[in-house]
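Biologist: Could you walk me through how to read a couple of features in this structure? I'm new to it.

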Amino acid sequence: MDNQNAIEFFEGQNLLYMQIFGNLRPVCLMWACELGIPDIISNHGKPITLLELVSALQIPPSKVGFVKRFMRFLAHNRIFDIHESQEDHHELAYALTPASKLLVNDSIHCLSPMLQFMTDPCNFFLVMASDSRMVDLVLKNCTSIFEELDSIVDVGGGTGTTARIICETFPKLKCVVLDLPHVVANLTGSNRLSFVGSDMFKSIPQADAVLLKWVLHDWNEENCIKILKRCKDSISSKGNRGKIIIIDAVINEKLDDQDKTQTKLCMDIAMMIAFNGNERTEEEWKQLFIGAGFQHYKIYHTFGFRSLIEVYP
Ligand SMILES: C[S@@+](CC[C@H](N)C(=O)[O-])C[C@H]1O[C@@H](n2cnc3c(N)ncnc32)[C@H](O)[C@@H]1O
Ligand SMILES: COc1c(-c2ccc(O)c(O)c2)oc2cc(O)cc(O)c2c1=O
């Protein structure tokens, strides 16, 4: 084997081992949450030293080396930051990163239910609600998309987390949450928020706009076109003023960085396995819109791994 082939061989070998052992990443993340490490660091108020962490975890000092290696692995995966003190014999201290800040339990945007879904998929609506709390950031960054509306139906809106945030943010807007009857049974609304138990394939109440957040990726092309046609009927009385607002991923392997594409493609496989659904490229979205009889769309790519798409009749 010449030098170049040897380099490629060992790069290939490394990549393969990385993928094979990579399944330890979510497992370690879950252990970190079960041990309460994000909460411990957050409550500490400043970077926590290794010995302070071991003491807070009530782990025998003889196991300090295990904790150090565990934290090194998570820090390498950008879940925690490691600070090395210049004074105290280069003592290590751990801090939260943007990712682990989202695992602190009293944070409004806490995503630990999404992580727990791996071991306990029973509480699906709690998981979806945790994801939906990020909608406040979407709304703050695109007020113009919502403030012209008088009414909106959140189709497949679950237990109403997104709709409640929309109502709080836009005090004139009336919001209907449509989901299957057993999902919305016993939920109470307010004067501007109501729940409708219905099948989105059959009927959707009239409104200025329809919101579909994390709904269409659950469905194949044929079903998406059926849903979109129903949504189009719902906004038909508004002429060209009505619109559909979709919050979902748009795969763009050329423009996105490696992390973002990785997230979108992982979700795509999850959707394929669980629902025969899929994440879509812009071209695939465009074909859906054309298939359902829409004329224009506009994509806003500024919301992390998901985008907001306005679709017009
Ligand atoms: C992936 S969840 C998204 C929930 C919510 N939009 C969110 O982002 O958190 C999909 C939702 O679609 C609802 N759903 C599935 N089939 C439906 C149907 N035929 N009619 C109405 N809602 C449906 C589910 O009950 C669930 O709440
Ligand atoms: C079943 O798909 C999985 C989801 C999911 C995400 C978004 C949706 O709109 C869904 O309908 C399902 O989420 C998770 C979360 C996890 O932590 C682990 C998983 O395996 C999954 C899914 O498989």
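Biologist: Is the crossing of helix 2 and helix 5 left-handed or right-handed?

Modeller: A crossing is left-handed if the near helix is turned anticlockwise from the far one by less than a right angle, and right-handed if clockwise. Here helix 2 and helix 5 cross in a left-handed way. Helices are DSSP runs (H or I, at least four residues), and strands are too (E, at least two), numbered from the N terminus. This is a predicted model, where local features need pLDDT of at least 70, side-chain atom pairs count only at pLDDT 80 or more, and totals for chains, interfaces and linings use all residues. Residues are numbered from 1 along each chain as its sequence is written, and side-chain values use heavy atoms, leaving out hydrogens and water.

Biologist: Which residues of helix 2 and helix 5 meet?

Modeller: Contact means heavy atoms within 4.5 Å. Leu24, Arg25, Cys28, Leu29, Trp31 and Ala32 in helix 2 touch Phe70, Phe73 and Leu74 in helix 5. That contact has eight nonpolar residues, no polar ones and one charged (Ala, Val, Leu, Ile, Met, Phe, Trp, Tyr, Cys and Pro count as nonpolar, Asp, Glu, Lys and Arg as charged, the others, Gly among them, as polar).

Biologist: And how does one find empty space?

Modeller: Roll a probe the size of a water molecule over the atoms, and it shows where empty space is left.

Biologist: What divides the lining of the second largest pocket?

Modeller: Its lining residues split into 13 nonpolar, 10 polar and five charged. Helix 8 gives the largest share, five residues. Helix 8 (124-132), helix 11 (161-169), strand 5 (174-179) and helix 12 (181-184) each supply at least two lining residues.

Technical notes: Chains lettered and ligands numbered in written order.
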